[in-house]
Each structure stands twice: as C-alpha cells, then as structure tokens.
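Dear colleague,

I am passing on to you the structure that we spoke about, and below it you will find my notes on what turned up when I went through it. Please read them with the model open beside you.

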Protein chains: 2
Amino acid sequence: MMRTRPLKVALLGCGVVGTEVARIMTTHADDLAARIGAPLELAGIAVRRPGKVREGIDPGLVTTDATALVKRGDIDVVVEVIGGIEPARTLIATAFEHGASVVSANKALLAEDGATLNEAAERHGRDLYFEAAVAGAIPLVRPLRESLAGDHVQRVLGIVNGTTNFILDRMDTSGAGYSEALDEATALGYAEADPTADVEGFDAAAKASILAGIAFHTRVRLDDVHREGITEVTSADLASAKRMGCTVKLLAICERAADGKSVTARVHPAMIPLSHPLASVREAYNAVFVEAEAAGQLMFYGPGAGGAPTASAVLGDLVAVCRNRLAGARGPGESVYARLPVSPMGDVVTRYHISLDVADKPGVLAQVATVFAEHGVSIDTVRQKGKDGEASLVVVTHRAFDAALSGTVEALRGLDTVRGVASIMRVEGE
Amino acid sequence: MMRTRPLKVALLGCGVVGTEVARIMTTHADDLAARIGAPLELAGIAVRRPGKVREGIDPGLVTTDATALVKRGDIDVVVEVIGGIEPARTLIATAFEHGASVVSANKALLAEDGATLNEAAERHGRDLYFEAAVAGAIPLVRPLRESLAGDHVQRVLGIVNGTTNFILDRMDTSGAGYSEALDEATALGYAEADPTADVEGFDAAAKASILAGIAFHTRVRLDDVHREGITEVTSADLASAKRMGCTVKLLAICERAADGKSVTARVHPAMIPLSHPLASVREAYNAVFVEAEAAGQLMFYGPGAGGAPTASAVLGDLVAVCRNRLAGARGPGESVYARLPVSPMGDVVTRYHISLDVADKPGVLAQVATVFAEHGVSIDTVRQKGKDGEASLVVVTHRAFDAALSGTVEALRGLDTVRGVASIMRVEGE
C-alpha cells in the first residue's frame, strides 16, 4: 500500500508553530507515512531571518525566498504559518497556481479574504484546509463542516480567545482591575507586547466570521461581525456579575434568527451564569458550544493556542490533504450555497444588565421604568441602592432586540436624574 | 455543480434512529443535496414489522426483505441502524459485495467483528463509516481519525454510557441506592427493560474497543477490554467518594503504556475528583477526554444517545460517504499499522480506594500496612474509625500496577483481623 515517492511539503514560517510542525514531521515521520500511505519530505522552509538558530531545523532547508519555494512546481502541500495578510495571501495564491494544496493557520487572512482563497482552491482543484485557524488544537472546523454536515446548526457560542479569557479569569478570581490583569497576562506570555488584536476582539471576530461561514453555509465577512473588546470591563462589572451568580466572558456568538432566514455574528463581553459550562473555562483555555437541530448541544474544549496544539491541528490537516492528493480527490471545500443575509447587531435578541448612577430622590425609578416601557423593553429585575443623595440602579432586562436596548440606554443618558451609565453588559447563556 | 441523478440510500431498520434519519432526509432534502452535490433518494426501508404505523414514512418504501434490498445493485449507500450482530453483519457484508458503501450505528457489531467488516470495505473499495456507534452525536470517531491524524494519542478517558451515568448521578445527588436509581432510570426511559448491556458495562466496553482501535492504530478486540459494571456500586461508595471530594463515574479508559509499546483498554466505575470536568457531566450526557502529545487535553461533550442525536451522526457520515462516492474516492479506512500489543488489566497503573471492616484492637493497622508493603503498594492516606469492638479502615493507595493492588486485596482478605472488604474502587482523573 505504501508509495515510496514522498509527498513534498513547503513550510512557510518557522516561528513557534512552524518549528513544532517541522519537529513532529521529523520525529513522527514513520507514523505520518503509515497514516498517509506515503512518506513526507520537508522540501523547504521559508523564513524572514535565516541567521536565527532554530533547534532541530536543518539549515540546508531554510530559504528567505518564499516565492521561489512555492513556485518550484514539485511541491504537493504548502503549509502557511506566517500569519498576517501579506505576503501570506500572495504566497497561497501562488501555491495554488503551481499545483499545491494549502494548509493554513491564518485566521486573520481567512476572515479578511477567505472567499478569494477558497475560490482559488476550487478553480485549481486543490484543498485549502485551516483547522488551526480557529481555537488551536480543538477540532471545530472539521466537526462543523463534516460531522454536522447532515444537521442544521442553530448557534455557535464560545470562548475563542485565550488571552482575553486569561485576563477576565484573573479579574474574576483575584478582583484585579483590567490593566493589572493585562500586565500579568503579558508577563506570563499570554498577551503580546501589542495586545490590541486580542483585547479589542479582532482575533475573536476573525474566528467568529470563519465559524459562522461554515456553520451556516453562508459567507460572513469580518465587517459583518459586531465587535466589542474587553478594555472597558471593570472589576465592578465582575463584582456585579458575581452578585447575579454570573461571571464575565468574551463570547463569540453566531446565531441563526428564529425564522431561520438570516444570521448574526458578534463578539462582546457578556455575563453568563456560573452554572453554564463556559463559566468554568479557566485561564487561556477555549471552549465552544454548538447547538444543532438534531444533535442538540455539543461542547468542544481544549487549548486554543500555543505552538504544539496549533501544530497538532496543522498536521491533522496535512495528513488529510496528503490522503486526498494520493486519492486524486479534494476534501469538502467552501460551502456557501445558503447565502443567508447577515443581520446587523440591532436585530440580535439579547438581554442587558445596566448599572445607572441616579439622583436619590422619589420618582426616579418610575422615570427610568417609563423609558424602558417606551422602548418596548421589559424589565426582569431592578436593584436600587441609595447613599448620601446619590443612588445606583441595576436593571436586568428580559430579552429584546439589541437596537431597542441600546435605544433605551441612549434615552436614559438624556434623563436629568440619571447622572451616568456606569456599565452596560449583555447577559447570555441562559 | 449539482448532479441530477440521485444517490440511492437503503435504510435498514426503522426504529427510533431510523425514523429520524428518514424524516431528516425528507425535511432537509435540499440542504443535503446542496452539501453532497447530488440529491438523495430513499430507495427502500427494511423493517421487521411492516404493519407498524410509522409517522412520515412512505409505506411504499417499506419491505421485510432486507437482503433483497441490499442486493438490488443500484444502492449507493446502505444505512444500518438495526443493531445487534445478525442479521446486521451479513447484510453489511452483502451490501459491500453489491457495491454499496455503508454507514452504521452498530457499536456491538463493530466491537465484535469490526476487523471483518473493515476488511470487506477495503477489499471492495467502499466506505464503512460509524460515527454514530460511539457517543451519539458527539464527534469522536472523525476527530480521532482525522483531526488528530498528525498527533500521538496518549489516552482516551470518558463517560460513554448515558444509562449508567444517569444512575450514578441519581445515586450521587439523592443518596439513592443502586436498585432505586435503576428503577427511576427505567421509568424515565433511560434504561431498557433488560439493562444488562448498560449496567454491566458491555455497551461501554464496545465503545472503548472502537475508540482504542482508532486512537492507537491497533486492533483492540472486545475481549481485550477489561470490564466491570456498576451493579455493585453502593450508596456507601458514593458517600465515601464525597468525603474524599470525589464522585463515582463509569469510565472507559484507553491508555498507551508509559513506554509507548503497549496499550490497555478498560471499563469500570472509578472515583474522580469533583474538580475534574467529567465529574460535572450529569444525567444521561456523555463526555470524552482525549490527551494527545501535541494537542494536549481536549474534551468532547454532548448527548450520547437518543434518536435525533444519533441520526445527526448518521447523516454526517452519509453526507461524507456520498461525497466520496461522487469523487470516486474512499475516506480514511481502518488504520491498524501500529499493531501494539494490548496488555491485561494487571499491567494498568492506577490507584485503589479500599474500605475494610476490621477488628477494633491494637496492631491491626500495622498488620494491614505490612500487607500493602509486601506487595510493593505505597499508601497515600488511611482513615480509621472504631465503634463497639468493630472498626473500619479506609485506605487510598498511591499509583501501582493493578495486579499488585488486587494481590494486596486478596492478601488482606486472608488476614483474620480483616472481617471483610466493604468496597474497592479505583481512583482516576488526577
């Protein structure tokens, strides 16, 4: 059964993930060959800094000319672990033109321009696999695309960014403020020097756009994903969540509307009950709930990032793509036949937890309640606390359109008895 | 892209799962066609009792002659949801001989004779898919076989039987005894009239043999799986577990030995710490941990049984098998190249929790401790409680070979100061 001519792999990028991919390709060469049906040959490694010492990497394979490597014409699979938009995008396009299939871990690129890349793969009859782009080693792309291919996904809800989960977990357990928790995350290597992509929710939004696209067989662009980060989450928010029997998580939520005719995708911090399984996802772990019509609720949990976990996902894809190549077949490609419209955030149905600083005088609650009623938002609970002429009101609403909820908040800001809106947070997972 | 000639599906069995498969094939026909690239046609449904009213099932498709159906020669995929060994085995073999691929949910048959069926699929160049045979809708076969194809699985540990989890959960939360909890499970439809397959661990052992085979690329026969059921678990065991900060779960555990050169597979009740994610798997849910060298710890959670969840897994496989058929390719088949020996239970390294009824006199503890030492078993903790000339000793050991641990228990039974061994349970998940 074993073919002796090896399949040639070009590795683009040799950072934390790339080094691990190269290492496993060497140490587990026999296993990989047995599982694929042919040996793998690492044909070249494109890097930016050729002088850097990379343990276990054959310096003879290293090149700075990535373009020449993907253009060689004898490459079976290009593994792209550079990240970022360019030169990754052009290199992947070139790889397809020269007959290679591609395995990528590049969530930013796939969210930004997945349509173009998927079309190129289709046109050239090649595979584009990207399990590693979403939630590291946790199998999500394959289960959504293949295991649930006969089902109807209603919702994907999860923690898909480890950095922000680490920060919120620290704020929850130690009572630390946001900056203090961010500093700790940076010191421990969980946050990058510039943490913007993580803490502003860009990374999670990219993953939400990829997951929504697969789950709903519809193209969901990055711009379609409503995005709020965690930089404005305060220790007061976490304390308030605790009083409600909740904690705060940065969630990526992709939902089909109740009538099934449109979808939404969003990333924002939200309160979830402590009894919800996502509440106990600690540190930098990721976990994703998938709700499907027939399957019910499934959960996938594991390390969402890191060199070895990401390499595991890359290598799983590499084995699949190589098997397809030997069989002269393609795996399941992009599926966007449903073409559902993506609705804006205002159409999402959710609940708000709102803290208001108000004047401590009679009639304030009535005034506030009237504003909610005028916007068609029904109140679940109100907690009122007064001290020295000032008071605070904490209102938790019933489910309503996000547009009605944000309209309510705008109107509340306009009341002269409302001194300020201390915090607004959505409540999910109930 | 869409082919108009339909792919023909023969459904064997029309019970809870079969009815749901037929229903979804009708209600979601357009989605399935779009995802496959060709429409599906339900060509026939083989049943035992043709007179039974089946809502939503076209009586014109129903036949009692399953053999004639799979022999028709124009069937693309046979979906087998009859269960049991015969006639399912012969029908599947006949299906392959007549050119069909097969999707099966039959764990008993796959555990008993998977080798023969997989070889038949291979010989005829057809697919045999069986995601639904393990843990219902939870994607496990595909993640192990494909997502982790580039990794090295060390251990699979999980709750794979909903009936026994329901019973143990009830015993834990309500303090009920085993028979009382079983009665409740039967009344609620979680246990069958004859619960033997579930409560004696046969069902879980079948799943363990399937999972171990895929995880370790090695054939693991049902006889290779050490099996203990839950019929001897008492409310005292659960109370004792609680005192240790644990609960009791029926676990399926497939492990690679520390030197990587052999594997073990076993099913037995075990104490696990309440902090372990499996401890919070309630009612009839299933959850499986997979530990792999690069990926780390992954967990998969969801409904492990039921008509709709099982149908979801069957239909995911059906879509994949149909796509393969259109591409003229096969999916990944059985992989047993590693051929690792399967070691007996005695070679497993684990910990014991042992309750002894002993004479309440000086020197008993010293005598008991000597027996442990003579067998090379190190003691972690001992709790001693005396009353009216009788006393109890609860010993928790450190990790040791199961053979040494069971040898210790045998020797303890021989001591005249030991009146009885009240319970023995393994401790896992630490």
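Predicted model: local features only at pLDDT ≥ 70, side-chain atom pairs only at ≥ 80, totals over all residues.

To begin with one residue, Pro87(A) sits in chain A in the loop that runs between β4 (77-80) and α4 (88-97).

Chain A as a whole

Chain A is built with 14 helices and 17 strands, and its C-alpha trace spans about 85 × 45 × 35 Å along the principal axes. Of the 430 residues in chain A, 58% count as buried. If one takes the contacts in chain A between residues at least 6 apart in sequence, 73% of them join residues that are at least 24 apart.

As for the surface, chain A exposes about 16600 Å², and carbon and sulfur atoms supply 50% of that area. The chain carries 43 positive and 54 negative side chains, and the centres of these two sets lie 4 Å apart.

Where the two chains meet

The contact between the chains draws on 44 residues from chain A and 44 residues from chain B. Between them, chain A and chain B bury an area of about 3900 Å², to which carbon and sulfur atoms contribute 55%. On the side of chain A, the residues that lose the most area to chain B are Arg35(A), Ser147(A) and Tyr337(A), which together make up 16% of what that side buries.

Some buried strand residues

Val156(A) belongs to strand β7 of chain A, which covers residues 153-159, and since its relative accessible area is 1%, under the 20% cut-off, Val156(A) is buried. Leaving aside residues up to four places away in sequence, Val156(A) touches Leu144(A), Leu211(A), Ala215(A), Ala252(A), Ile253(A), Cys254(A), Val288(A) and Phe289(A). Val156(A) and Ala208(A) are 52 residues apart in sequence, while their C-alpha atoms are 8.7 Å apart in space.

In chain B, Phe289(B) is found in strand β11, residues 285-292, and with a relative accessibility of 3% Phe289(B) counts as buried. Beyond residues up to four places away in sequence, its contacts include Arg155(B), Val156(B) and Leu157(B), as well as His276(B), Pro277(B) and Leu278(B), and also Gln297(B), Leu298(B) and Met299(B). The C-alpha atoms of Phe289(B) and Leu250(B), which are 39 residues apart along the chain, are separated by 14 Å.

Thr397(B) is part of strand β15 of chain B, residues 390-397, and Thr397(B) counts as buried at 0% relative accessibility. Residues up to four places away in sequence again left out, Thr397(B) touches Arg351(B), Tyr352(B), Phe372(B), Val377(B), Ser378(B), Ile379(B), Asp380(B) and Leu405(B).

Some loop residues

Arg339(A), in the loop of chain A between α12 (307-327) and β13 (349-359), has a positive phi of about 45° although it is not a glycine. With a relative accessibility of 63%, which is over the 50% cut-off, Arg339(A) counts as exposed. Glu283(B), which lies in chain B in the loop between β10 (263-273) and β11, likewise has a positive phi, near 50°, in a residue other than glycine. Glu283(B) has a relative accessible area of 33% and is therefore partly exposed.

Lastly, Arg49(B) is located in the loop between β2 (40-46) and β3 (62-63) of chain B, and at 54% relative accessibility Arg49(B) counts as exposed. The C-alpha atoms of Arg49(B) and Thr64(B) are separated by 7.3 Å, with the two residues 15 apart along the chain.

With best wishes

Definitions and conventions
Residues numbered from 1 in each chain as written. Chains lettered and ligands numbered in written order. Heavy atoms only, no water. Helix = DSSP H or I, 4+ residues; strand = E, 2+ residues; numbered from the N terminus. Buried < 20%, exposed > 50% of the residue type's maximum accessible area, 1.4 Å probe, protein only. Contact = heavy atoms within 4.5 Å. Areas by Shrake-Rupley, 256 points an atom, 1.4 Å probe, with all protein chains shown as cover. Lys, Arg positive; Asp, Glu negative; His and termini not counted. Charge placed at Lys NZ, Arg CZ, Asp CG, Glu CD. Buried area = accessible area lost by both parts, 1.4 Å probe.
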